Amino acid sequence: QRLQFVFVVLVAVIEVGGTHATGALIARNERAVQTEPRRVHLDSNAGADALLDAIAAAARGLRAAVWGIAMPDPFDYVRGIGRFHDVGKFDALDGVDLRAGLSQRLGISPESLTFCNDADAFTLGEWAAGAGQGGHRVVGLTLGTGVGSGWTVDGVIVDPGNPPGGRIHHVRLD
């Protein structure tokens, strides 16, 4: 009889929207939610400290070595800095280092946090386990307090070039 070991890699995730933040623990190899998601209301017009406190509250108590944070545009995903200027929400986070603020509030290493676009995360999830599962090309459109889009080719997030940056919120009508 052979022993078989299964290692479950847990990832803590936070999804930030214009009116809420939701946190949960995900089993990466099973693509399954392991904890009851915790949804916290956000006042997008609040100050930076209040917003960071609320986002962190959605994930309080989660423990993982790897964290994924899905944020709406405009955002510097590499540095973890908000670029919200004249977009009608999160003005107080413009220029704020969310990586530093969240790691301090959650008691975790700043290096454990990875930021991604929320619509990209949604689209990749649909490609992996949802309506676009296994599709060669998948586009995801999100509609909330803003409009977002994500694009994949064979499960890789891509910039289609048009619309600019793959972001339909850059498109203006009338």
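How exposed is arginine 105, in terms of relative accessible area? Arginine 105 is partly exposed, with a relative accessible area of 21%, where buried means under 20%, exposed over 50% and partly exposed in between (1.4 Å probe, protein chains only). The model is predicted: local features need pLDDT of at least 70, side-chain atom pairs count only at pLDDT 80 or more, and totals for chains, interfaces and linings use all residues. Residues are numbered from 1 along each chain as its sequence is written, and side-chain values use heavy atoms, with hydrogens and water left out. Helices (H or I, at least four residues) and strands (E, at least two) are DSSP runs numbered from the N terminus.

**Salt bridges**

- The count of salt bridges comes to 3, a salt bridge being a side-chain nitrogen of Lys or Arg within 4 Å of a carboxyl oxygen of Asp or Glu.
- Aspartate 49 and arginine 105 meet through their side chains in a salt bridge of 3.0 Å, N to O. Aspartate 49 belongs to helix 1 (residues 48-57) and arginine 105 to helix 2 (residues 98-106), so this pair ties together parts that are 56 residues apart in sequence.
- Arginine 105 also forms a salt bridge with aspartate 53, with the closest N and O atoms 2.7 Å apart. Because aspartate 53 lies in helix 1 and arginine 105 in helix 2, the pair ties together parts that are 52 residues apart in sequence.
- Aspartate 76 and arginine 79 form a salt bridge in which the closest N and O atoms are 3.0 Å apart. Aspartate 76 is buried, with a relative accessible area of 14%, while arginine 79 counts as exposed at 54%.
- Through shared partners, salt bridges join Asp49, Asp53 and Arg105 into one network.

- Strand 9 (residues 137-143) pairs with strand 10 (residues 147-153) in the antiparallel sense over 7 bridges; strands count as paired if DSSP finds at least two bridges between them. Glycine 140 stands opposite glycine 150 in strand 10, and the two strands form a hairpin with 3 residues between them.
- Strand 10 and strand 11 (residues 156-157) pair in the antiparallel sense over 2 bridges. In strand 11, valine 156 is the bridge partner of valine 153, and isoleucine 157 is that of threonine 152.
- The hairpin of strand 10 and strand 11 has 2 residues between the strands, and aspartate 154 in the turn has a positive phi of about 50°.
- The 3 strands form an open sheet in the order 9-10-11, with antiparallel pairing. Strand 9 and strand 11 stand at the edges with a single partner strand each, so one side of each is left without a neighbour in the sheet.
- Helix 3 packs on this sheet, touching strand 9, strand 10 and strand 11, and its direction makes about 45° with that of strand 10. Contact means heavy atoms within 4.5 Å; axes are lines fitted to C-alpha atoms, for helices over the stretch in contact, and angles run from 0 to 180 degrees between N-to-C directions.

**Helix 3**

- Helix 3 (residues 118-129) has 12 residues and reaches 16 Å from its first C-alpha to its last, close to the 16 Å expected at 1.5 Å a residue. The expected span is 1.5 Å times one less than the number of residues.
- The buried residues of helix 3 are Asp118, Ala119, Asp120, Thr123 and Ala128. Their cover includes strand 1 (10-16), strand 5 (66-71) and strand 8 (113-117), as well as strand 9, strand 10 and strand 11.
- At the start of helix 3, a side-chain oxygen of asparagine 117 comes to within 2.9 Å of the backbone nitrogen of alanine 119.

How values were computed
Polar contact = N/O pair within 3.5 Å; in protein donor to acceptor, adjacent residues only side chain to side chain.
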